[in-house]
Amino acid sequence: MSTVTVPVLLAASVDDIVTPALLEQVQSFTWVGSEHRYLAMAEDVTHVVGEPQGGGVQALISSLVSPAPTALVNYDKALALSFFGRFLTNDPSMEPFLHGTYARQISQSPFDLYLAGSEILPELEALLQQQNP
């Protein structure tokens, strides 16, 4: 992942039991080589967002699927517009929307949204070191 130098936006959920954020997205975020990297995290969301489909494993599927609340759909739209606007169209006016301050402004409880860039690398690396001594 250190060879990835294009802008990257990773998204994770604090409550994802299938791909735990700390082991999956957070660790991957620290490995990415791009100077333009962002990590978005939402609370109270499971691995899959949407309506569970039927089948023999309905109980398992239901435990992994969160309803698709409007807040999450809006987060996806806002972050995609900001990220792609900034890096595909090279529009610097989108830069303020790629900061934690903006994420907090649009955040809606209980699906609180957090967004950070490479400035949090030292803290994340220390956290990962504590988890894997």
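Predicted model: local features only at pLDDT ≥ 70, side-chain atom pairs only at ≥ 80, totals over all residues.

Residues are numbered from 1 along each chain as its sequence is written, and side-chain values use heavy atoms, with hydrogens and water left out.

**Entry: overview.** I took helices (H or I, at least four residues) and strands (E, at least two) as DSSP runs, numbered from the N terminus. The chain has five helices and five strands, and their order from the N terminus is β-α-β-β-α-β-α-α-β-α. I call a residue buried under 20% relative accessible area, exposed over 50% and partly exposed in between, with a 1.4 Å probe and protein chains only. By that count, 38% of the 133 residues are buried. Of the contacts with a separation of 6 or more, 63% join residues 24 or more positions apart.

**Entry: the sheet.** Two strands pair if DSSP finds at least two bridges between them. I found an open sheet of three strands, ordered S1-S2-S5, with mixed pairing. S1 (8-13) and S5 (113-116) are the edge strands with a single partner each, so one side of each has no neighbour in the sheet. Neighbouring strands here are turned by 15 degrees against each other on average, direction ignored; axes are lines fitted to C-alpha atoms, for helices over the stretch in contact, and angles run from 0 to 180 degrees between N-to-C directions.

S1 pairs with S2 (residues 37-42) in the parallel sense over six bridges, and valine 8 stands opposite arginine 37. S2 and S5 run antiparallel, joined by four bridges, with methionine 41 opposite tyrosine 114.

**Entry: how enclosed is S2?** I checked how many of the six residues of S2 are buried. Six of the six are, so S2 is largely enclosed by the rest of the structure. Arg37, Leu39 and Met41 cover one side, while Tyr38, Ala40 and Ala42 are on the other.

**Entry: helix H1.** H1 (residues 22-31) lies across S1, S2 and S5 and runs at about 170 degrees to S2. Its buried residues are Gln25, Val26, Gln27, Ser28, Phe29 and Thr30. Their cover includes S1, S2, S5 and helix H5 (121-131).

**Entry: a pocket.** On a 1 Å grid over the protein atoms alone, a pocket is an open set of points with protein on both sides within 12 Å along at least five of seven lines, and lining residues have an atom within 4 Å of a point. The second largest pocket has a volume of about 160 Å³, a volume being the space filled by probe spheres set on the points. Its lining includes Val14, Val26, Leu39, Met41 and Tyr114. S2 and S5 are the elements that give two or more residues to this lining, and S5 gives the most, with three.

**Entry: charged side chains.** I searched the whole structure for salt bridges (a side-chain nitrogen of Lys or Arg within 4 Å of a carboxyl oxygen of Asp or Glu) and got one. Arginine 86 bridges to glutamate 95, with the closest N and O atoms 2.8 Å apart. Arginine 86 is buried at 15%, whereas glutamate 95 is partly exposed at 24%.

Last, I looked at aspartate 76 in helix H3 (residues 70-87), which is exposed at 55%.

How values were computed:
Contact = heavy atoms within 4.5 Å. 1 Å grid on protein atoms, 1.4 Å probe; cavity = no way out; pocket = protein on both sides within 12 Å on 5 of 7 lines; lining within 4 Å.
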